[in-house]
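Open the model in your viewer and keep the selection tool at hand. Each stop below gives a selection and what to look for there.

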Amino acid sequence: MENVIILGTGISGCTAGIYTARAELRPLIISGMEDGGQLTLTTDVENFPGFPEGVDGTELVQKARKQAERFGARFKIDLAVEFNQIEGGYELTLMSGEKIQTKTLIISTGASARWLGIP
């Protein structure tokens, strides 16, 4: 059984990964629909602290991921399609068919753009 599973590899999922990994909980972070989250579609992030000149969204997420990995977070590319509460935690079913149990589940799935479909 995992200590912590985090759903979402965007900036919030990576941040949760940094904090839980620093607490030596060895989190497993599962990617979801957009690996790296919606921020990877953004070229100029100008409202994130610490980057007075702005930063590329993909670069920001890659740096956050490396920082989480540095402390022991693990990443998995898959998609959680179902989760159920079980005694002592949760059981997730992944798109690959794998079932994983965890004591703690952090949902950081973020947002997805809704495109208008017009030129």
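Of the 119 residues in this predicted model, 34% count as buried. Show the whole chain as a cartoon. The protein has 2 helices and 6 strands. Trace the chain from the N terminus, and the elements run β-α-β-α-β-β-β-β. Along the principal axes, the C-alpha atoms fill a box of roughly 45 × 40 × 20 Å.

**Stop 1**

Select residues 11–22, helix 1, and residues 57–70, helix 2. Angles under 35 degrees count as roughly parallel, so helix 1 is roughly parallel to helix 2. The crossing of helix 1 past helix 2 is left-handed.

Now show side chains at the contact. Helix 1 contributes I11, C14, G17, I18 and A21. From helix 2, pick L60, V61, A64, R65, Q67 and A68. Colour this contact by class: 8 residues are nonpolar, 2 polar and 1 charged.

**Stop 2: the cores**

Which residues make up the largest nonpolar core? Select V4, I6, C14, A16, I18, A21, I29, A64, A68, A73 and F75, 11 residues in total. Strand 1 (2–7), helix 1 and helix 2 are the elements that give two or more residues to this core. Helix 1 provides the largest share, 4 residues. In soluble globular proteins, nonpolar side chains tend to be buried together.

Centre on C14. Beyond its neighbours within four places in sequence, C14 contacts T9, V61, A64, R65, A68 and F75. Then move to a second, separate core of 8 residues. L28, I30, L92 and L105 are among them.

**Stop 3**

Select E24. This residue sits in the loop between helix 1 and strand 2 (28–30). Is E24 buried or exposed? Its relative accessible area is 70%, so E24 is exposed. Check the backbone too: E24 has a positive phi of about 60°, although it is not a glycine.

Step along to R26, also placed in the loop between helix 1 and strand 2. R26 has a positive phi of about 45° and is not a glycine either. At 48% relative accessibility, R26 counts as partly exposed. For background, most residues other than glycine have a negative phi.

**Stop 4: Y90**

Go to strand 5, residues 89–94, and pick Y90. Its relative accessibility is 24%, so Y90 counts as partly exposed. Which residues does Y90 contact, leaving aside its neighbours within four places in sequence? Show F83, N84, Q85, I100, Q101, T102, K103 and L105. Next, draw a distance from the C-alpha atom of Y90 to that of L79: the two are separated by 16 Å. Along the chain, Y90 and L79 are 11 residues apart.

**Stop 5: S108**

Finish in the segment after strand 6 (99–107), where S108 is found. S108 has 13% relative accessibility; buried means under 20%, so S108 counts as buried. Show what surrounds it. Setting aside neighbours within four places in sequence, S108 is in contact with I6, L7, G8, S12 and G13. I6 also belongs to the largest nonpolar core, visited at the second stop.

Technical notes
Residues are numbered from 1 along each chain as its sequence is written. This is a predicted model: local features need pLDDT of at least 70, side-chain atom pairs count only at pLDDT 80 or more; totals for chains, interfaces and linings use all residues. Side-chain values use heavy atoms; hydrogens and water are left out. Axes are lines fitted to C-alpha atoms, for helices over the stretch in contact, and angles run from 0 to 180 degrees between N-to-C directions. Angles under 35 degrees count as roughly parallel, over 145 as roughly antiparallel, 65 to 115 as roughly perpendicular and the rest as oblique. A crossing is left-handed if the near helix is turned anticlockwise from the far one by less than a right angle, and right-handed if clockwise. Contact means heavy atoms within 4.5 Å. Ala, Val, Leu, Ile, Met, Phe, Trp, Tyr, Cys and Pro count as nonpolar, Asp, Glu, Lys and Arg as charged, and the others, Gly among them, as polar. A nonpolar core is a set of buried Ala, Val, Leu, Ile, Met, Phe, Trp, Tyr and Cys residues joined through side-chain atoms within 4.5 Å. Buried means under 20% relative accessible area, exposed over 50%, partly exposed in between (1.4 Å probe, protein chains only).
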